Each structure stands twice: as structure tokens, then as C-alpha cells.
Amino acid sequence: MPKTLGMRCRECGEEYPLSPIHVCELCFGPLEVIMNWEEIAPRVSRKSIQAGPPSMWRYHDLLPVEGPPCVGHNVGFTPLVKAERLGKKLGLNNLYIKNDAVNHPTLSFKDRVVATALTKAREFGFDTVACASTGNLANSVAAHAAEGGFKAYIFIPSDLEQGKVLGTLVYGANVLAVKGNYDEVNRLCAEAGGKYGWAFVNITLRPYYGDGSKTFGYEIAEQLGWRAPDHIVVPCAGGSLISKIYKGLNEMNRLGLLENGVPTRMYAAQATGCSPITTAIQTNAEVFRPQKPNTIAKSIAIGNPADGYVAMDTVRKSAGWAADVTDDEVIEGIKLLGSTEGIFTETAGGVTVMVTKKLAEQGRFGADDLVVIAITGNGLKTQEAVQGHLGAPVLIQPNLDALDQALQTDKLLQVV
Amino acid sequence: MAISVLIPTPLRKFTNNQEAVQASPGSVATLLAELEANFPGMEARLIGPDGELRRFVNIYVNEEDIRFLQGLQTPIADGDSISIVPAIAGG
């Protein structure tokens, strides 16, 4: 029996056979893969998972692909770091960082969704993959396409950070830099849709792609000793990740794998310059208003988030909340995480750290609550954001006198 | 000049698989009524029971989301290009 039975519209419930379609024909709502739990449940246990590889594929039974992975065998199972020093700063005694800044191979959580989507692309028989991306997805699709021998067409906004452009070109992909923001890139790709017979991972393969993010949630719970945390703070762009982490925790609970059910409250983090989801939540609005993004946090600058409603539902259902922070705070957040935990995150991570600080100051977490911050990307890719904000090295001559003198300067006496 | 309307894949069964169709000037609302007259059943896919654009549908007039313009009352003139696009996951 197959693991996956079909697809269902999240909005109206209409069902479809498994195929590379991504929206409901009746209402344009997002489709989700229907898993065959009767088939899956009996063979999944803590033991069966622990016997799997140290990667996201230890949860292969729970992912919407039938065969073994065709690419990305080492994606996932990233560190869950106990953040003692950052915790002290925020007044939190049980703070953890789920660190996908060191995900293999392209240093963001997108490797999870791409490994899933490309495995499914091969099962569907595609030889060419494509994506619209704010950068991290571009890197990941290009890398995994190279690994799997797919042709790749990558669409990015033309003002993207250099690191993300180079980090796509190096894999030999065809890169199209579109003169416009991400929402415009997305519209173009939607219009191109099926025209060229490519598998757009975030369009054609969206239902499969999205479920790769569930592994972020599975891993947090397993790494906490099969416990769901009290709170998880997640950066929101298109709005999919936050709902998939929550979905992952609830699936584990349904399978009887968790000690404590799912008490988890989910929190959405955005940059003030692109905050359609957090604004809607904070104002208790039913609908979100699309925005024209204006923020240095480009990886999450999506003004019209496709899964915005799903993200809002997740936050509300879990009794969580939302907050957004300015670009100055984003830089402060990157520096704070770097100087307290030795983790260099990209701008989205700066957002998430500072939103966590803000939520802590609002008293939303108990001091001993178990709080997890989702760090989803690596700072080496967005160096422009912090350039000029970190000071410079102290230049000295290669002799002890010069060193003695330099050590007297204020700069070298600072301790964070 | 004609007004062209780009039809997304999920709606092409109404248009005999045509990727684009022609329409007359007016507003987005009159455009939707015209599409309904030519391709019965299409409007209900785009407009919900509340009379508003369904929340997972985006309509663009000359590459601008009508939610940033005047919504369903956004005017459409000769030469404009219209695009109907489902919401797309991000990345």
C-alpha cells in the first residue's frame, strides 16, 4: 500500500489524485497530501526513527514520497543548542536554538523542502526543476539539482545579496534575475507555470515541498527527548514553515511518540517593513493586507504570503502571538546571537531573535518555560546587512609593543 | 487595442485550454461578469459567497495586484493586460 493517498484542499476539502498540481480548482486554496496513516502508524516508533540515519530521512515514513530520497541524503538533523547566555539576556532559563544555519548542504532550512520536492519530482518523471526564490530556496534547488542531474531554472529578484547569487551560480544552474520584488518574481513564475514542463518546486510541487518542513518540528521534539516545547518562535515569509512545524508536532503526538502532547504555542516573527501576517495577528484581523516589502530581511520579504492564512490559523489555534521588529533591531539581533551563542545567522534570524526578546519582555513566556527559536539561515549569505555595523579589526604592526599599545584601546577591552 | 486576460491552469478547462482570452474595457467586476457570460462557471471560482475575491486568488492589472488598486472596482482600459494567478508558496 502507498504512504500517500491523494491530495485535499485545505480551504474547501475537495479531494484530488496525487499529481503535480498545487491549488484547488474550485477555490484556489492550497492542497495538502493525504497520508495513509493506517499504513504508516504501525511501523513508526521512537525506535524505528532512532534506527534511521542522522538526517531528516529518519522520518522518511512520515514524508509524502514513496521511494528513497534521490538527493539530499544528509539534509537535516541539525543541532538543537541550549542557549544559556542568550537565555540569560532574555530572562529565559530554558531557551534553545534550532540551528538550520548549518543545514547541509546550503545552510538553510530550505534544504529540507527541496530534498523532499526533488525526490517527488523524480517520482513524477520531471527532468527539469525551477523555483521563484528570495535566495535560500535558489541555493538549495540549484545544489540539489546538480546532485540529482536535473536541469535547473532559478528566478530571483535582481537586487538579491551577492552571496545568494554566487551561491546559486556555482552549482551551474540557469539564473534569471527579475527586475522586481519577490512578489513580482512569484507572479511571473505562476504565469510561466506549466508552460515549459518544468517542476517549479514552490508551485507545481508545493504540497510535497511544504511537508519537508515538518521535519524541523519532528527534530525539535526528538532532540528534546520526545517532548514538544512550550513555545516556538518562527520567522514568517510565505507562512508555510510555522504551520508545518506545528503539523509535525501534532503528527508525532498522534503517533504516540510524545511525552506531553502538544502544549506548544506558535509565534510568528516578521520584519516591520514586511509584516502582513504579524500585523493581522496583532490587530485581530480576519484578512491580512498585502504589503510592498521594504526591509533588509530579504529572505522573508514576501508582501503577499500564499500561506498567510494558514500561518494566522496556526498562531491562533495554538494560542500563540506575533511581533515584528525594525531593520535596526534585525542587525542588533544578528549581533546578539553571534556574541552570546557563537551563531552567525542571516537577517531572518536577526528578526526571530529580536521578536523573541520582544515577546519575552511582554511577559509571554514563563522564566522556566521551554522556548525554541527557529534559526533558518546563515549569516555568511547576507553579509551586506551587517557591513559597517560591526566595527573593523584593529590594525597593528607585527611586534609586541604594537600589541601592548593596541590592548590599551577601549575597543579591545570590551566584553559582551 | 484589445485587453488580454491570462488564464491560470486550474481555469483553462473553462476556456478550452486557451492560455489567454480577450475582454472589453470597464472594471475588474465587469471583466468577471464578461468571463462568466463567455465561460459559465468561471466567476464562482474567483468570487466567494461573500461577493469578494476569494482569498487565495490574485488578480493583476498591468502587473499590479488589484488589492493595491481599487479592488474589484479597479478600472480596465484598452491595452491593459490582466493576469489571474493563484497565491504561490514562498521562498
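Mentor: Quick term before we start: helices here are DSSP runs of at least four residues, numbered from the N terminus. Also, this is a predicted model.

Trainee: Is Leu403(A) buried, exposed or partly exposed, and why?

Mentor: Leu403(A) counts as partly exposed because its relative accessibility is 34%, and that class lies between 20% and 50%.

Trainee: Switching topic, how many salt bridges are there over all chains?

Mentor: A search of the whole structure gives 25. One of them pairs Glu25(A) with Lys13(B), with the closest N and O atoms 2.7 Å apart. Glu25(A) is in a loop of chain A and Lys13(B) in a loop of chain B, so that pair joins two chains.

Trainee: And what about Arg112(A) and Asp100(A)?

Mentor: Their side chains meet in a salt bridge too, at 2.7 Å from N to O. Arg112(A) lies in helix H4 and Asp100(A) in the loop between strand E5 and H4, so the bridge ties together parts twelve residues apart in sequence. Arg112(A) is buried at 0% relative accessible area, and Asp100(A) is buried at 0% as well.

Trainee: Last one: what volume does the largest pocket have?

Mentor: About 570 Å³. It is lined by 22 residues, and the closest to its centre are Val287(A), Glu52(B), Leu53(B), Arg55(B) and Arg67(B).

Trainee: How does that lining divide up?

Mentor: Ten nonpolar, four polar and eight charged residues.

Key: Residues numbered from 1 in each chain as written. Chains lettered and ligands numbered in written order. Predicted model: local features only at pLDDT ≥ 70, side-chain atom pairs only at ≥ 80, totals over all residues. Heavy atoms only, no water. 1 Å grid on protein atoms, 1.4 Å probe; cavity = no way out; pocket = protein on both sides within 12 Å on 5 of 7 lines; lining within 4 Å. Points joined across faces, edges and corners; volume = space filled by probe spheres on them. Nonpolar A, V, L, I, M, F, W, Y, C, P; charged D, E, K, R; others polar. Buried < 20%, exposed > 50% of the residue type's maximum accessible area, 1.4 Å probe, protein only. Salt bridge = Lys/Arg side-chain N within 4 Å of Asp/Glu carboxyl O.
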